[in-house]
Amino acid sequence: MNSLVAQAEFSAPMDSKPNLWNTPPSTCSSYSSNSSESDASPFCSHRIPIAIVSGFFHSHRSLAVLSGHVGSVSCLALCGEFILSASQGKDIIVWQQPDLRVFAKFGQGDGSVKALASVGNKVFTAHQDSRIRVWKVSRSSENVFKLVDTLPTTKDYLGKFMKQSNYVQTRRHHKRLWIEHADSISCLTVYSGLIYSGSWDKTLKVWKLSDLKCLESIKAHDDAINGLVACKGVVYSASADGKIKAWGRKDGKGGHALKGILEGHKDVSFNAVVVSDDGKWVYGGGSDGFVMGWEGCGGFESCWKLVSETKAHEIAVLCMCLMGELLCSGSADKSIGIWRREAFGKLCKVGVISGHEGPVKCLQASSNRIGGGFLLYSGSLDRSVRVWWVPRYNNDAEEVNDNNSTRFGTVNHPMLG
């Protein structure tokens, strides 16, 4: 069979490689990008050849490198046909799948974007300025991503600011309404009609998705909250205090109560937490490079048993994501580890992806199965987003890098021709 070469298009800045440690300040306004390649634009189109030889996909380090952020990439989210990436430069870039062209760019706020969440036709962005912004996605409008609200909402403020009992002490001689975060919002998750936000102010806040009202503020941890995930009626918060806490609604409704504490290593921060689709397995990534795993008891009993401690990286694990039996871990060592969950929750290393020139800060896996594998997006402090195709590994460990091609199997995806 003759070799077929597919061309994957993506947008990247025309200037030279950015200096990671000298990020220029930038204010980004919302705009819709539908211009041609000949238009004056900070982006230019590049093509990466991806060979499909004799029916098998031979990959180098990545499918595409997406550049354009003015700051390090802090978070990623899938939103329908789009992949969203946000940075500490306050900008959010919308990449259209499958060709990964820049579709739009939007952003607003006095601080960098720390977290993204998408549900229905809304996108929620959490910022360093302690606010959550709500964007409505509409194809019928020229401004596809339109800012429609900010949390706490004005209505919520007006209903509470007159009453002194609604104020809480945030630091010496300073009070705020309990509906306000007092520091950067570091993580978001949307689950069962509720929005959960975790902050460096150590609190977990709960918002109603329908009217955006703040329902609850929980003094959750003794240090910054770095990660949130929810599954099967349980919300997990990971913190720099070295604990992952499990929260559940009282009698399935009303306020939240602590259901359990998953203890990590002493004096080690948890930077990320993930949970399997069935809610049985919980994994936390720590600043010491370990990924720790717990098995839930199930049933009506709220308990978790430590089942694995894996030295995943030499230095801090910064982010993780799950795709079926595979766990992906991004690290300050600039690599992504691929792990397969085996019997009793143990993790077996099956691959390493390298290519980023800075720490890997965020990961997002696409649930669409492509050619026996899936697409993995990674964002880094090197200001780039990279797109990888990750195979369903067999029992032999494989490595993906620039210098060694790996036979992954047949791939059928529009991006690959």
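This is a predicted model: local features need pLDDT of at least 70, side-chain atom pairs count only at pLDDT 80 or more; totals for chains, interfaces and linings use all residues.
Arg340 is buried, its relative accessible area being 13%; buried stands for under 20% relative accessible area, exposed for over 50%, and partly exposed for what lies in between (1.4 Å probe, protein chains only). Its salt-bridge partner is Glu342, with 2.9 Å from N to O; a salt bridge is a side-chain nitrogen of Lys or Arg within 4 Å of a carboxyl oxygen of Asp or Glu. Glu342 is partly exposed at 37%.

Residues are numbered from 1 along each chain as its sequence is written, and side-chain values use heavy atoms, with hydrogens and water left out.

The structure holds nine salt bridges. One of them pairs Lys105 with Asp91, whose closest N and O atoms are 3.9 Å apart. This pair links distant parts of the chain: Lys105 sits in strand 9 (residues 101-106), and Asp91, 14 residues away, in the loop between strand 7 (82-87) and strand 8 (92-96). Strands (E, at least two residues) and helices (H or I, at least four) are DSSP runs, numbered from the N terminus. Lys105 and Asp91 are both buried. A further salt bridge joins the side chains of Arg101 and Asp99 at 3.5 Å, N to O. Arg101 is partly exposed, with a relative accessible area of 28%, and Asp99 is partly exposed as well, at 30%.

The cysteines come next. Which two cysteines form a disulfide? Cys297 and Cys303 do, with their sulfur atoms 1.5 Å apart; the criterion is a pair of cysteine sulfur atoms within 2.5 Å. By this rule the count comes to one disulfide. The angle about the S-S bond is -110°, and the link of Cys297 and Cys303 is left-handed. Cys297 counts as partly exposed because its relative accessibility is 39%, and Cys303 counts as partly exposed because its value is 22%. Cys319, in contrast, is in no disulfide. Cys319 is buried at 6% relative accessibility, and Cys362 is buried with a relative accessible area of 6%.

Ser380 lies in strand 33 (residues 373-380) and is buried, with a relative accessible area of 0%. Neighbours within four places in sequence left aside, Ser380 is in contact (heavy atoms within 4.5 Å) with Ser72, Val73, His356, Gly358, Pro359, Val360 and Lys361. A polar atom of the Ser380 side chain lies 2.9 Å from the backbone oxygen of Pro359.

Phe161 is partly exposed, with a relative accessible area of 38%. Together with Leu158 and Met162, Phe161 makes a nonpolar surface patch of about 360 Å². Patches are made of residues with over 30% relative accessible area and no salt bridge, like charges being joined within 9 Å and nonpolar side chains (Val, Leu, Ile, Met, Phe, Trp, Tyr) within 5 Å. Accessible areas come from the Shrake-Rupley method with a 1.4 Å probe, and for residues only the protein chains shown count as cover.

Terms used. A polar contact is a pair of N or O atoms within 3.5 Å; within protein, one must be able to donate a hydrogen and the other to accept it, and residues adjacent in sequence count only if both atoms are side-chain atoms.
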